[in-house]
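Have your viewer ready, and follow along as each region comes up.

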Amino acid sequence: MAASTGTEIGSPGTPVDQRPKAPRRSLGVVFYLSASWIALLVFFALFRDLLPLRDPEALGIRTREVMAFEGPGLNAWFGGDGSGRDLFARVVQGARPALILGLTVTICGGLLGTMVGITAGYLKGKVDAVTSILIDIALAFPGLVLLIAVRATFGNSMTVFIVLFSLTSIPAYARIVRGATFALAEREFVDAASGMGATKRRILVRELAPNIALPVLSFAFIGFALVIVAEGGLAFIGLSLDQVTWGQLIAEGAGDISNHGHVALIPSTVMFLTILAFNLVGDGLRSLWAPREVATQRRLRVAGEHRSSTTSAALHVADLHTTLHTPAGDVRAVDGVSLSVQPGEALGVVGESGSGKTMVLRSIVGAFALADVTRSGTVEVDGVDMLRSAPDEIKHALGTKIGMVSQNPLTALNPVRRIETQIVEPMMVHRDMTRAAARERALDLLRQVGIPAPERRLREYPHQLSGGMRQRVTIAIALANEPGLLLADEPTTALDVTVQDQILTLLSGLQRERNMAMVLVTHDLAVVKGFTDRVAIVYAGEVIESGPTDEIFVDPKHRYTVALMQSMPNLELPSHSALTTIEGRPPSLIDPPAGCRFSPRCSAAQDICSTEAPVRSGDDHHWFRCHFPADVTQVAAPTRREDD
Ligand code: SF4
């Protein structure tokens with residue numbers, strides 16, 4: 001695996017003026033006002049006993065200091081309640097249980113919920129499925145009924161409330177953290193850590209947890225407010241804590257609200273402002289989430305700028321793993337693939353359907369039909385790290401350094417847009433060309449790919465072209481930005497057999513003429529033989545043999561390679577000879593066979609084949625993974641189908 005040779009950001013060797021500056025973050029006046037309100041409450045809760053406040057329980061009828069239902073004024077800022085107790089002192093007294101309850105529940109419920117959510121979100125699979133069901137059940141449970149039942153059974157102490165509220169808040173935290181973890185786990189920096197051998201625990205603690213912290217903190221403030229609301233609601237129905245709370249004060253004053261509204265309205269207002277403040281602070285913190293992502297991207301971008309390529313290859317893939325997370329389980333579609341292609345070189349990637357050869361190509365460009373996919377390892381295209389670079393850098397590389405030719409030109413082209421638009425736009429976007437200049441180049445490209453009357457073709461729509469013409473157009477689009485790497489995924493599969501050779505000849509000619517590297521994915525060994533310099537045989541998500549095309553055709557080593565060759569038409573055999581077939585099907589990549597993955601289908605398999613994975617043998621030039629390599633000096637070369 002390629003190691004970065006660049007200076008890491010923040011390392012001692014990084015000049016201070018080159019370190020990425022933190023983005024300027026503005027939280028706004030409302031955030032600071034809200035935070036100030038919370039700070040004021042904390043101050044009163046902490047230093048209540050040291051402040052020159054009246055005794056909150058002292059009855060005005062005795063002290064004569066505050067009259068029953070006295071209105072707010074200089075004598076009593078918040079007025080008095082029905083017993084002549086100072087409402088300000090009582091509201092201040094209620095701040096402490098509110099903050100203790102909210103803080104403790106937030107810490108306990110938040111921590112437990114975060115642990116559950118981050119574990120489920122990262123491990124996915126069965127752990128996540130079971131956790132999700134439990135979360136759904138917990139959230140569907142009528143919490144108020146539980147609160148009332150537990151409160152009635154275990155009393156109204158602070159401990160009971162803390163345990164009760166903590167347990168009921170876990171599912172909400174777990175769900176939020178799980179969602180955030182899902183998104184983060186697919187980010188390149190997590191793949192990078194995984195590819196560099198970090199354990200799951202380390203990834204959870206070092207990579208994911210710090211990024212989860214901010215959204216959790218944001219929700220914690222909102223959760224804090226919800227705890228205060230819940231306590232107030234319980235107090236209102238007579239299930240309050242065993243000490244003075246705001247909910248209790250509101251409940252006490254509710255009966256006299258028509259004549260002495262301040263008794264209920266003032267604690268209600270304090271509670272409302274507190275809930276609002278916690279929500280606004282939570283929202284403010286959540287707004288930092290996006291800048292943090294930007295900061296991460298900037299860090300990656302600068303790191304990418306400092307990273308120098310470890311190879312001169314147009315494409316360098318090392319220990320690439322791609323896992324598709326499906327409801328049926330994790331599919332290890334690409335499992336430790338390494339390959340490289342030099343400028344001017346054509347590499348054939350060969351395998352039968354379901355072998356994973358197309359997934360190798362998709363993993364290079366990061367294009368997957370499924371959303372839940374993780375990649376790790378190294379993919380460098382002309383020195384650009386396609387897994388760890390900033391999204392903009394990857395996007396630019398995809399648009400300028402890589403040309404793609406897909407299986408089916410009909411689906412590759414937009415049916416409702418003219419050919420001109422589809423060729424011209426990539427050049428205007430990635431090369432800042434004017435429309436006129438891009439159009440001139442589009443005409444030139446159409447001529448190069450052998451399309452007659454290019455002026456007319458530019459004005460046409462894809463359905464007006466034949467299959468071969470459409471594929472020529474997709475080749476023109478692929479070449480538009482002069483990429484150094486051409487990725488062709490079974491480029492002739494959907495075409496009439498009579499034009500397959502023309503398209504392959506065209507592709508091969510353009511590739512050599514422009515000194516491009518080309519990866520040609522195909523199931524057809526005859527295509528590989530005719531148009532590639534080297535070949536990588538893929539089976540069950542792994543490259544099982546790789547070497548120069550000529551050598552592999554003369555001296556294949558892996559039994560699967562031999563079987564593939566024997567299954568191809570051979571003109572040297574008597575006519576009407578039955579083609580050899582490979583028994584069985586490629587294995588499931590959710591739970592591939594132990595040892596050699598080809599062993600269930602291999603006629604040469606022995607006991608060791610199903611227990612020990614064969615290590616790489618041969619040399620860098622031509623290598624294979626087989627315990628009992630074939631001893632053949634000549635395997636009949638397959639012939640092109642049109643020659644049959
Ligand atoms: S390792 Fe064994 S099972 Fe696999 S291809 Fe070689 S001989 Fe066959």
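Helices (H or I, at least four residues) and strands (E, at least two) are DSSP runs, numbered from the N terminus. This is a predicted model, in which local features need pLDDT of at least 70, side-chain atom pairs count only at pLDDT 80 or more, and totals for chains, interfaces and linings use all residues. Residues are numbered from 1 along each chain as its sequence is written, and side-chain values use heavy atoms, with hydrogens and water left out.

Let's begin with the annotated segments. An unreviewed UniProt entry lists residues 29–47, 98–123, 130–152, 158–177 and 212–241 under "transmembrane region"; such positions are given in the numbering used here, feature names are shortened, and annotations may be inferred rather than shown by experiment. In the model, residues 29–47 are 100% helix and 0% strand, and their end C-alpha atoms lie 27 Å apart. Residues 158–177 are likewise 100% helix and 0% strand, with 27 Å between the end C-alpha atoms.

How much confidence does the model carry? The pLDDT, which is the predictor's confidence in each residue from 0 to 100, has a mean of 80 over the protein, and 83% of the residues reach 70 or more. Over residues 290–311 the pLDDT is below 50, and this stretch has 43 contacts (heavy atoms within 4.5 Å) beyond near neighbours in sequence. Where pLDDT is low, the predicted coordinates should not be read in detail.

Now for the packing. Two packed helices are described by the angle between their axes and the distance between the axes. Axes are lines fitted to C-alpha atoms, for helices over the stretch in contact, and angles run from 0 to 180 degrees between N-to-C directions. Angles under 35 degrees count as roughly parallel, over 145 as roughly antiparallel, 65 to 115 as roughly perpendicular and the rest as oblique.

Helix H15 (residues 419–431) packs against helix H18 (residues 467–479) at about 20 degrees, with the axes 8 Å apart, which means H15 is roughly parallel to H18. Ile419, Gln422, Ile423 and Pro426 of H15 make the contact with Val473, Ala476 and Ile477 of H18.

H18 also packs against helix H19 (residues 497–513), at an angle of about 15 degrees and with axes 10 Å apart, so H18 is roughly parallel to H19. Here Gly468, Gln471, Arg472, Ile475 and Leu479 in H18 meet residues of H19, including Val499, Gln502 and Ile503.

Finally, helix H3 (residues 87–123) and helix H9 (residues 246–254) pack at about 135 degrees, their axes 8 Å apart, so H3 is oblique to H9. Arg90, Val91, Gly94, Ala95 and Ala98 of H3 touch Trp246, Leu249 and Glu252 of H9.
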